[in-house]
Amino acid sequence: MAFITAKNLKHRFEKRDDEGQVIGEVTALDGIDLEVEAGQFITVLGQNGSGKSTFAKHLNVLLTPTEGTLLVDGKNVEDVRETWNIRQSAGMIFQNPDNQIVAGVVEEDVAFGPENLGIPSEEICARVEESLDAVGMTAFRRHSPNHLSGGQKQRVAVAGVLAMHPKCIIMDEPTAMLDPSGRREVLQAAHRLNREEGVTVILITHYMEEAVDADYVFVLEHGHVAMKGSPRTIFSQTEMLKTYGMDVPQIARLAGELRQEGYPLREDILTREELADAIAELAHRAGDRPADRQKPGADTEETAPAMRKEKLCLKHVFYSYGSAAHGKPVLKDVNLTVYEEELIGIIGHTGSGKSTMIQMFNGLLQPTEGNVYYEGQDIAAAGFSLRALRGNVGMVFQYPEYQLFEETVIRDVAFGPQNQGLGQEEAFERAREALRRVKLPESCWEMSPFDLSGGQKRRAAIAGVIAMNPSVLILDEPTAGLDPRGRDELFALIREFHEQMHITVLLVSHSMEDVADYVDRIIVLDHGEILMDGTPPEIFSRVPELEEASLSAPQVTYLMTDLAGRGFPVRTDVTNLGEAKREIRKIC
């Protein structure tokens, strides 16, 4: 039985000018036809602006169709008498948890939905306990959501919907701000509800790996269904997916690239177990392995570090929210030196202190104890200019819309240079140059920054920092919520800034694959302390310690570990596709 039926579903938004006059329409959904059976686990993919979130909001009657028909649990979303019933049946989890957290205490927020459904108190308590445990937030049940990290807030939002026991859960990028362990917990909870209680799940995501275990996948493009089928069917069409701004899971991509090199591998390989089996079979067919093939780690070289100029430094830094004596400790005796022109990745579980630490570097937060230095100067010293520091150490936050505020994009980007004392003409020239650098089309420059897509907002926020000519660029989860094409383009820009403008870059991310591909050094935080500091191969070779800290390694690292466990002489510190292919060539 179909739980969701969409027929020729269309939705158009009115486009207004600065005076609020309607000047046209924007088509967000353009004839969607699909059916979702009750109890299915569905993944919806698509690039930013493809209509995914607009479609999701229709399922919860936050929007209604301009044309066409949409039935949810047999009820027409345009029948206002059924709105409350539909919302009881279909719970919604948004991209930004701040949009749905309403209470001042975590457990009260999770209880809010069941209370509104009239659930008895004893049952509410049981549901709150069950839901918080499912997302790993039981220890925070009496905390204020305001004191939680972005990822922790998202877990609370997920728990709030789980506690309502809906027939269907609509999850719009629910794991974008979560660490690897948090992603696993949320997805495991959703799959468990789907498998054991028959809950229909609609998952919108930009993590291709999250679609692997779905029953069915829909790919949206410009408001219509461009592709549909099982995960194996969809991810075997790599070139088609690329035309829609999508990617395939790292393991499937590796298998595809090996096929292109002539290895006889199936086109529908999705998991590392499947690829490990296939490679092992090929290796055994190849006969005895040559004796001169390298053992794990044999081609790594130790190089003496060159003399580098110290850029930023934390010495014995402690930080607590609240009073030093009674507050919640977030950073504990952190010692860290960042050198000129480094490209550093900062990883750690949700709440590990990453965002707090990077805000120390430009004085947005001051240590409870300890010292912060910029080019050898204590930023807390008398006479030190924090204003000048913030021009030199630029910050792009998790949610770029929080730092966009002007009437037009170009005015917003010019604000920083003007605040530095530049005249209007020079400030606007800086803004134009920065907007060109981030490749934001000129057609967007006179638009309101709030009318931009998620990816365009990221570019505008980065341009606003670049326009100030910083020597350090700090990015806090810059690709969260971006589609694969937008992610790759943004990382290419970051590397370009690093290489051409000689900027020191600190990148906070929850994507292990992205960190492995783009940075030269990784800092691992765990409960406010630096757990590891090294190159990507050094860090990702310590898989058990990473997993203990709620992190993980890239999928190709696990694949190499699997092969090494089967007796093949491959390195286990491999972190990217190129290295993985070199190791596989040695044994096949």
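This short report walks through a sheet, a helix pair and a salt bridge in a predicted model.

## About the model

Residues are numbered from 1 along each chain as its sequence is written. Because the model is predicted, local features need pLDDT of at least 70 and side-chain atom pairs count only at pLDDT 80 or more, while totals for chains, interfaces and linings use all residues; side-chain values use heavy atoms, leaving out hydrogens and water.

## An open sheet

Let's start with the strands (DSSP runs of E, at least two residues, numbered from the N terminus). Four of them form an open sheet with antiparallel pairing, ordered β12-β11-β14-β15; two strands pair if DSSP finds at least two bridges between them. At the edges sit β12 (328-339) and β15 (377-378), each pairing on one side only.

Strand β11 (residues 310-321) is joined to the antiparallel β14 (residues 369-374) by five bridges. Here F318 stands opposite E369 in β14.

Next come the helices (DSSP runs of H or I, at least four residues). The axes of α10 (residues 272-285) and α20 (residues 555-565), lines fitted to C-alpha atoms over the stretch in contact, come within 10 Å and cross at roughly 45°. The contact (heavy atoms within 4.5 Å) is made by R272, L275, A276 and I279 of α10 with Q555, Y558, L559, D562 and L563 of α20.

The structure also holds 38 salt bridges, each a side-chain nitrogen of Lys or Arg within 4 Å of a carboxyl oxygen of Asp or Glu. One of them joins R232 and E274 at 2.4 Å, N to O. This pair links distant parts of the chain: R232 lies in helix α7 (residues 231-235) and E274 in α10, 42 residues apart.

Note on methods
Axes fitted to C-alpha atoms, helices over the stretch in contact; angles between N-to-C directions.
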